Amino acid sequence: MASATNLSFHKRLFLQLIAFSWVMVLCFVGFQYIREKEYKSEFLNAQLQQYNRHLLVAVEEGEPYETYIASHEKPFDDLRITLITLTGAVIYDNAIPLDSLDNHRGRPEVAAALTAGEGYNIGRQSTSDGREYFYSATSGDRVVVRTAIPYSSTLQDLLEADWSFLVVMISIALVMSVVAYFTTRRLGKDIERVNRYEAEQEQNRLKRQLTNNINHELKTPVASIQVCLETLLSGITLSDDKRQELIERCYAHNDRLRRLLNDVSLITRMEDGSALINRERVLINEIIDEVADELEMLPEEERLMLHLDFHDEVIIDGNPSLLGSIFRNLTENAIAYSDGKNIYISLLENSDKGCRIRFEDDGKGIEPRHLSHLFERFYRVDKGRSRQKGGTGLGLAIVKHAVLFHGGTITVTNRPNGGLRFDFTLCK
Ligand code: ADP
């Protein structure tokens, strides 16, 4: 089943629009239903109130109420009529014997009539005969007239909201859904096309930038090799030492070219075809041991002391050479640029899902303004030193790509006591 995040832009837009319009329709229908019921109850009440008022006038003018009731047409056939004094005593009821009726002052419709002049109550069960009635009461100067209609299916139908508007609303909502589907499909396709176009443009821009940078990076070593070889081939007499120096310079520039090409190829491979890079079970502890061995082999003046706080085995389903490149590049940088004496590798977290590792040196660190650019390709803090150390300017960009390839993130900060701190995560 497709998850919400896998849905196309069009489908998400469509579902949001549909959900919104159906919520609107339901709110409107609910509101309309309540209004309709209220309107019908008020209409029924108005009919009963009219009868109540006529009866009240007759009673207050001294006409015997039984005569009035018998001689005037009622709005409903089975209308129950009750006359109540202002203190709540029932003095007349055409449906129930008086001796079974208690004080009515507390009945909701009567209480409302006594305070506001009139009141009604929908579907209350009578305490006198147990039937359910629609009550309407009107208060005069001496008595309260209360009329009631038994709650029959006819009355229920009368009070029932008219559902035809609901059918109309649902039909409109359905038509709106169809229109929304086609509109969002078209809109979604257009937006997706624009997004794709922008992503392609950005990728092309990055590729152009990479090509320009590579051209720039290639120029110096190629030109230097050219000069050295021209001098060697020119036939001028050179001392053995000078000849040796030129050959060594050629070799160093060529070595830089080789490393640059390796790094560029690695970075483009990670960007273009990360699916083609194979994965296997890699023991991070082994990689760190290899880095430690390589450090041991360095001449003493270049060597840094490695401090390990890595008390767990960490196995990653990843690419060994990319994982190796993370630790190697960070170590080589610490040797080349930190001016420190120690490096520290610590395992901060290790769970079933992944791990968090810290790599630090105790050197001079770098100015904070450079920190956010450090992972950019060809970004160097000290250009001269980087070139002199044979840096390609791609080391940290490779580290970042390798971390991303393993589903992690990486940050760089200055340590409080000096030196750089890299914190990164790797997914298992
Ligand atoms: P390079 O090939 O120049 O080493 P990187 O991407 O590996 O390129 O590093 C970018 C720059 O960051 C380096 O040129 C260097 O100036 C700086 N840098 C990297 N690591 C450190 C460190 N441990 N201490 C100080 N500066 C560093």
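This briefing covers a sheet, its salt bridges and a nonpolar surface patch. The model is predicted, so local features need pLDDT of at least 70 and side-chain atom pairs count only at pLDDT 80 or more, while totals for chains, interfaces and linings use all residues. Residues are numbered from 1 along each chain as its sequence is written, and side-chain values use heavy atoms, with hydrogens and water left out.

**Sheet and packing helix**

- Five strands form an open sheet with mixed pairing, in the order β7-β9-β10-β12-β11; strands (E, at least two residues) and helices (H or I, at least four) are DSSP runs numbered from the N terminus, and two strands pair if DSSP finds at least two bridges between them.
- The edges are held by β7 (305-309) and β11 (410-414); each has a single partner strand, so one side of each lacks a neighbour in the sheet.
- On average, neighbouring strands of this sheet are turned by 15° against each other, direction ignored.
- Strands β10 (residues 354-361) and β12 (residues 420-427) pair in the antiparallel sense over seven bridges, and R356 has T425 in β12 as its bridge partner.
- Helix α7 (residues 284-296) packs on the sheet and touches β7, β9 (342-350), β10 and β12, where contact means heavy atoms within 4.5 Å.
- The direction of α7 makes about 165° with that of β7; axes are lines fitted to C-alpha atoms, for helices over the stretch in contact, and angles run from 0 to 180 degrees between N-to-C directions.

**Salt bridges**

- The count comes to 20 salt bridges, each defined as a side-chain nitrogen of Lys or Arg within 4 Å of a carboxyl oxygen of Asp or Glu.
- D423 and R358 meet in a salt bridge (2.7 Å, N to O); D423 lies in β12 and R358 in β10, so the pair ties together parts that are 65 residues apart in sequence.
- D423 is buried, at 14% relative accessible area; buried means under 20%, exposed over 50%, and partly exposed in between (1.4 Å probe, protein chains only).
- Salt bridges that share partners join K242, E245 and R249 into one network.
- E202 and R205 form a salt bridge with their closest N and O atoms 3.1 Å apart, and both residues lie in helix α5, three residues apart.

**Nonpolar surface patch**

- V168, I172 and M176 make a nonpolar surface patch of about 250 Å²; accessible areas come from the Shrake-Rupley method with a 1.4 Å probe, and for residues only the protein chains shown count as cover.
- Patches consist of residues with over 30% relative accessible area and no salt bridge, with like charges joined within 9 Å and nonpolar side chains (Val, Leu, Ile, Met, Phe, Trp, Tyr) within 5 Å.
- M176 lies in helix α5 (residues 164-233) and is partly exposed at 38% relative accessibility.
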